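Please consult the sequence and the structure shown here.

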Amino acid sequence: MSDPHNEAALKRNGIKITKREDVAMTHVALRRGAQSELEKRAGALFGAALPPTARAVEGAGKLVAWAGPEQWLVVEPKSGGKDPSVELAEALKGVASIVDVGDSRVLFRVEGQKATEVLAPGMAIDFHDQVFKPGDVAITHASHLGVIVWRLPDGKGYEFACARTYAVAFSEWLYETCGKLIPA
């Protein structure tokens with residue numbers, strides 16, 4: 001993870017990195033022939049349409065990120081022992097396949113005014129404000145590790161979902177990348 005040197009560099013760069021242990025993540029995949037019914041139920045459930053392209057939307061206290069064609073990652077706060085994937089499975093029964101991925105994925109948040117500036121050199125996507133806008137999603141690699149990244153709706157940071165198997169390596173890369181000195 002981080003060391004005192006990196007913590008000082010992060011502070012100097014105005015960057016905050018958080019490993020999100022406060023959220024549940026559920027993978028939703030459309031079942032064949034059920035698109036219109038899934039859209040109807042998901043709209044009622046989330047208060048927003050499922051994004052058909054690389055976007056993330058918020059609704060009903062949840063974030064729904066596009067995770068590939070006809071697939072989405074639902075991120076929501078953990079609450080009182082409830083399993084959100086069970087509720088989603090009941091609500092979307094017959095129209096989507098539901099998998100709790102909270103044990104297989106880890107979510108990191110990077111916030112700060114210079115978040116874009118420090119991340120841009122380390123990833124093969126264009127983080128420019130006019131290209132990767134708030135709510136945009138990319139499925140890409142960071143340091144040869146597969147990640148789903150989306151820009152926070154307020155535009156002040158990013159969230160990365162990566163496989164738990166690679167979370168330590170991704171975290172080390174993230175701290176090192178975000179701790180590089182930015183010229184004033």
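Which residues does Phe160 touch, not counting residues up to four places away in sequence? The model is predicted: local features need pLDDT of at least 70 and side-chain atom pairs count only at pLDDT 80 or more, while totals for chains, interfaces and linings use all residues. Residues are numbered from 1 along each chain as its sequence is written, and side-chain values use heavy atoms, with hydrogens and water left out.

**Nonpolar cores**
- Phe160 touches Val106, Leu107, Phe108, Val110, Leu119, Met123, Val147, Ile148, Val149, Phe170 and Leu174 (contact: heavy atoms within 4.5 Å).
- The largest nonpolar core has 27 residues (a core is a set of buried Ala, Val, Leu, Ile, Met, Phe, Trp, Tyr and Cys residues joined through side-chain atoms within 4.5 Å; buried means under 20% relative accessible area, exposed over 50%, partly exposed in between, with a 1.4 Å probe and protein chains only).
- Helix α5 gives the most to this core, with 6 residues (helices are DSSP runs of H or I, at least four residues, and strands of E, at least two, numbered from the N terminus).
- A second, separate core of 15 residues includes Val28, Leu30, Ala42 and Trp66.

**Salt bridges**
- The whole structure contains 10 salt bridges (a side-chain nitrogen of Lys or Arg within 4 Å of a carboxyl oxygen of Asp or Glu).
- Asp129 pairs with Arg151, with the closest N and O atoms 2.7 Å apart; this pair links distant parts of the chain, 22 residues apart.
- Asp129 is partly exposed at 41% relative accessible area, whereas Arg151 is buried at 5%.
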